[in-house]
Amino acid sequence: MTLLIIMAMKRIFIAFMLLSTSLLSGAEMASWYIVTEPGYTTDNGTEFSSASSEAASSRYPAGSVLELVSEDTGRSSVVTITDSLPELPEGRTLAVTEKAMEELGLMDSGTGMVEERVLRLGQDDDSKEIVTGWYKYDLGLYADAGECFRIYSLLRENGLKPSIQIDGDAIHLSVEYVMAFERENTEAIIRSLGLEPGEAMIAQNPYT
């Protein structure tokens, strides 16, 4: 019994030290961050990993590093902001990976209030190319409308989403709406039709 009391007092003391020695920037509700899309790419261009201490935030730019302290458990986790989630339910503005949730001791509840300490603030870089997770392939110009339509039809028959634009006296053909995890298969289909996909170009997210 004495040992249990000492251990409990020790946990309380550690939690108190974490809170009192950090310059905390406020509290917010943290949610469990789950991604079901294979190969999902975060805002910083890396593949999402639930095994890393990462977070998505609508308050802090990508690259920010935060120390989080759970108000319920007193446990902490240092996370790197790698993604943004502009809208979360119930006014939440922070979502953390499974590893961070385990470190915070919040896996059972799935949510919890956390205090934040900014260890490093990421910088918004307007000149940096934004990775949307969507890509397109430029298949070039066609002077022969019949040939262009033939290839367009083959692309559609193989499950791709071709697009055409008139460019002077020629027709510009491309394949659009390709998600990150579909790139390899898309390139293989294009090559199977005797075409060269070229380099995948970052495209605008069609849902924004």
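**View 1. Arginine 191 forms a salt bridge with glutamate 196, with 3.9 Å between the closest N and O atoms.** A salt bridge here is a side-chain nitrogen of Lys or Arg within 4 Å of a carboxyl oxygen of Asp or Glu. Bear in mind that this is a predicted model: local features need pLDDT of at least 70, side-chain atom pairs count only at pLDDT 80 or more, and totals for chains, interfaces and linings use all residues. Residues are numbered from 1 along each chain as its sequence is written, and side-chain values use heavy atoms, with hydrogens and water left out. Arginine 191 also meets the side chain of glutamate 187 in a salt bridge, at 4.0 Å from N to O, so Glu187, Arg191 and Glu196 end up linked in a network. Glutamate 187 and arginine 191 are about one helical turn apart because they sit four residues from each other in helix H4; helices are DSSP runs of H or I with at least four residues, strands are runs of E with at least two, and both are numbered from the N terminus. Glutamate 187 counts as buried at 18% relative accessibility, arginine 191 as partly exposed at 45% and glutamate 196 as exposed at 53%. The cut-offs are under 20% relative accessible area for buried, over 50% for exposed, and partly exposed in between (1.4 Å probe, protein chains only).

**View 2. Arginine 117 and glutamate 67 join in a salt bridge between two strands.** The closest N and O atoms of this pair are 3.8 Å apart. Arginine 117 belongs to strand S6 (residues 111–120) and glutamate 67 to strand S3 (residues 65–70), so the pair ties together parts that lie 50 residues apart in sequence. Glutamate 67 is buried, with a relative accessible area of 11%, while arginine 117 is partly exposed at 30%. Searching the whole structure turns up four salt bridges.

**View 3. Threonine 186 sits in helix H4 and is buried, at a relative accessible area of 4%.** Its side chain reaches the backbone oxygen of glutamate 182 at 2.8 Å. That falls under the polar contacts: pairs of N or O atoms within 3.5 Å, where, within protein, one must be able to donate a hydrogen and the other to accept it, and residues adjacent in sequence count only if both atoms are side-chain atoms. Leaving aside neighbours within four places in sequence, threonine 186 is in contact (heavy atoms within 4.5 Å) with Tyr137, Leu160, Val175 and Val178.

**View 4. Leucine 155 is one of the residues that touch the most other members of the largest nonpolar core.** Such a core is a set of buried Ala, Val, Leu, Ile, Met, Phe, Trp, Tyr and Cys residues joined through side-chain atoms within 4.5 Å. Two or more residues each come from strand S7 (134–142), helix H3 (145–157), strand S9 (170–179) and helix H4 (183–192). Beyond its neighbours within four places in sequence, leucine 155 contacts Leu139, Leu160, Pro162, Leu173, Val175, Ile190 and Leu193. Another core lies apart from this one, with 14 residues, among them Leu68, Leu94, Ala100 and Leu106.

**View 5. Four strands line up as an open sheet in the order S8-S9-S7-S10, with antiparallel pairing.** Two strands pair if DSSP finds at least two bridges between them. S8 (162–167) and S10 (201–202) are the edge strands, each with a single partner, so one side of each has no neighbour in the sheet. S8 and S9 pair over six bridges, and serine 163 stands opposite serine 174 in S9. H3 packs on the sheet, touching S7, S8 and S9, with its direction at about 10° to that of S9. H4 lies across S7 and S9 and runs at about 15° to S7. For these angles, axes are lines fitted to C-alpha atoms, for helices over the stretch in contact, and values run from 0 to 180 degrees between N-to-C directions. Also in S9 is tyrosine 177, whose phi is near 55°, a positive value in a residue other than glycine; tyrosine 177 is partly exposed at 43%.

**View 6. Serine 52 sits in the loop between strand S1 (24–32) and strand S2 (54–57).** At 26% relative accessibility, serine 52 counts as partly exposed. Setting aside residues up to four places away in sequence, serine 52 touches Thr97 and Lys99. The C-alpha atoms of serine 52 and valine 79 are 8.5 Å apart, with the two residues 27 apart along the chain.
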